[in-house]
Amino acid sequence: MIERNGLIMAWYHPGDAPPSFEIPELDDIAGEGFTDFYKSSYVIKTAIQEMGENSVDPAHFRYVHHTDEVAVCEEYTTDGPRSKMLSSQKYVTPQGVVDGRIDSFATGPGFSEVRFEMPGVVKAALLGCATPIDDETVEQRFNFKVEKTGDERMDSVIADAFVAEINKQLTEDIPIWEHKAHLEKPLLIDTDGPFMTYRKWASQFYAEPVGTQVVGPGT
Ligand SMILES: [Fe+2]
């Protein structure tokens, strides 16, 4: 067990193998420039691999979350236990449409760092921690920080708005996660996200080799 980035992280392996990767230290958000964490947590009947597929599915933001614009995936790459998704996102703000970013960095199946940037408006970081409770249940915790603007009230308004949006999106995703079936060979088309690259990356985190087993409830 370690303390990292203000969070207590625990490693579990059914065969008692030692940790095979390290959670990165995010020094910038630990400093005075960012607020303390705004926290929320959810218990969801799914498997963490299924939840992660959300992040490589840009189209669902439009049709499930009703965002004005679909994020454009610029790069999705994996490197050992880490994966990286860089995307641009247009945001509708009171000042008009601005070009922003959503960049996600995962380390292992249970830790992700998502950076949001709306130029001239806000910079924020979300640390997502997923813990499997049993084969069909996940506790998902969100730890959210905003870059300080110098106006504490404004920081908390921005953070509350982000947390409300995350809560809204989770509420929309949960019925899908709790009912989706895992198809080993899904019918994908060219404009779908990099699902199979994600699955290949995720497969390394099972204690026993995977390939033919079915993941998640509702199957
Ligand atoms: Fe989603």
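What share of the 219 residues in the protein is made up of buried residues? In this predicted model, buried residues make up 24% of the 219.

**Overall fold**

The protein contains five helices and nine strands. Starting at the N terminus, the elements follow the order β-β-α-β-α-α-β-β-β-β-β-β-α-α. The radius of gyration is 18 Å, close to the 17 Å that the globule rule gives for 219 residues, so the protein is as compact as a globular protein of that length. The C-alpha trace spans about 50 × 40 × 30 Å along its principal axes. Of the contacts with a separation of 6 or more, 56% are between residues 24 or more positions apart.

**Nonpolar cores**

The largest nonpolar core has 13 residues, and those with the most contacts inside it are V122, A124, A125, L126, F144 and V146. Two strands, β8 (122-134) and β9 (137-146), each supply at least two residues of this core. The largest share, five residues, comes from β8. Apart from this core lies another, of seven residues, which include I48, A130, V138 and W177.

**Two residues and their contacts**

| Residue | Contacts beyond four places in sequence |
|---|---|
| L126 | V114, F142 and F144 |
| G108 | F21, P81 and F205 |

L126 is among the residues with the most contacts inside the largest core, and F144, one of its contacts, is also in that group. G108 is placed in the loop between β6 (96-107) and β7 (111-118). Is G108 buried or exposed? With 22 other C-beta atoms within 10 Å, G108 is buried, because the cut-off for a buried residue is 20 or more. Between the C-alpha atoms of G108 and R153 the separation is 35 Å, and these two residues are 45 residues apart along the chain.

**Confidence**

The mean pLDDT of the protein is 89, and 96% of its residues reach 70 or more. Over residues 212-219, pLDDT stays under 50. For that stretch the model has 20 contacts beyond four places in sequence. Where pLDDT is low, the predicted coordinates should not be read in detail.

How values were computed:
Residues are numbered from 1 along each chain as its sequence is written. This is a predicted model: local features need pLDDT of at least 70, side-chain atom pairs count only at pLDDT 80 or more; totals for chains, interfaces and linings use all residues. A nonpolar core is a set of buried Ala, Val, Leu, Ile, Met, Phe, Trp, Tyr and Cys residues joined through C-beta atoms within 7 Å. A residue is buried if 20 or more other C-beta atoms lie within 10 Å of its own, exposed if 12 or fewer, and partly exposed in between; C-beta atoms are placed from the backbone. Helices (H or I, at least four residues) and strands (E, at least two) are DSSP runs, numbered from the N terminus. Two residues are in contact if their C-beta atoms, placed from the backbone, lie within 7 Å. The radius of gyration is taken over C-alpha atoms; the globule rule is 2.2 Å times the number of residues to the power 0.38. pLDDT is the predictor's confidence in each residue, from 0 to 100.
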